[in-house]
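Let's take a look at this chain together. Have the sequence and the 3D view side by side as you read.

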Amino acid sequence: MSPSGPVSPSGNGTLSTRPPLSRLNRAGLGLATALGVLNLAGPALPLPSFAASGPVAATLAFSVLMGVITVVSVVILLTTRSRTAFRVVAASRMFSVLTAIPAFFRDVVPSGLVVSAALWVLVNVVAVELMVEPGRAPLRLRRS
């Protein structure tokens with residue numbers, strides 16, 4: 001077996017048409033998986049005192065849905081290397097950011113939760129950026 005993957009019987013190519021995941025892609029995928037698992041843990045968290053004044057239950061349900069979609073898509077991605085599953089993981093992370101948006105516009109949200117929401121958005125964006133980072137081509141010197 002070659003370092004780039006399984007070799008075809010003729011020995012001149014690979015069987016896989018998909019490029020392997022780079023180290024950055026795997027880091028982003030791991031971060032996205034961790035965030036998806038955190039989405040699944042959302043209903044176990046205590047509801048804040050201001051929860052009665054807004055649709056917190058719907059936000060939690062949407063968060064859990066995004067967590068399920070992320071985790072299932074990661075499993076599919078790791079088993080099939082499907083580009084569609086890769087895109088679904090990235091999309092579910094970006095939709096998960098929507099659950100943090102109300103924290104920035106409601107006056108009753110404590111400042112600690114606003115900071116947590118900002119970190120949630122930042123970490124999700126970083127995860128997606130790492131996931132979609134293309135493999136870097138080796139540098140080639142040009143002759144002048």
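First, a term: a patch is made of residues with over 30% relative accessible area and no salt bridge, where like charges are joined within 9 Å and nonpolar side chains (Val, Leu, Ile, Met, Phe, Trp, Tyr) within 5 Å. A salt bridge is a side-chain nitrogen of Lys or Arg within 4 Å of a carboxyl oxygen of Asp or Glu, and accessible areas come from the Shrake-Rupley method with a 1.4 Å probe, with only the protein chains shown counting as cover for residues.

Here, F95, L98, I101, F104 and F105 form a nonpolar surface patch, with about 510 Å² of accessible area together. Take L98: it sits in the loop between helix 3 and helix 4. Helices here are DSSP runs (H or I, at least four residues), and strands are E runs of at least two, numbered from the N terminus. L98 counts as partly exposed because its relative accessibility is 47%; buried would be under 20% and exposed over 50%.

The model is predicted, so local features need pLDDT of at least 70 and side-chain atom pairs 80 or more, while totals for chains, interfaces and linings use all residues. Residues are numbered from 1 along each chain as its sequence is written, and side-chain values use heavy atoms, leaving out hydrogens and water.

Now the whole chain: you'll find four helices and zero strands. Here are some that come with residue ranges:

| Helix | Residues |
|---|---|
| helix 1 | 23-40 |
| helix 3 | 83-97 |
| helix 4 | 111-132 |

Buried residues make up 28% of the 144 in the chain.

Key: Buried < 20%, exposed > 50% of the residue type's maximum accessible area, 1.4 Å probe, protein only. Axes fitted to C-alpha atoms, helices over the stretch in contact; angles between N-to-C directions.
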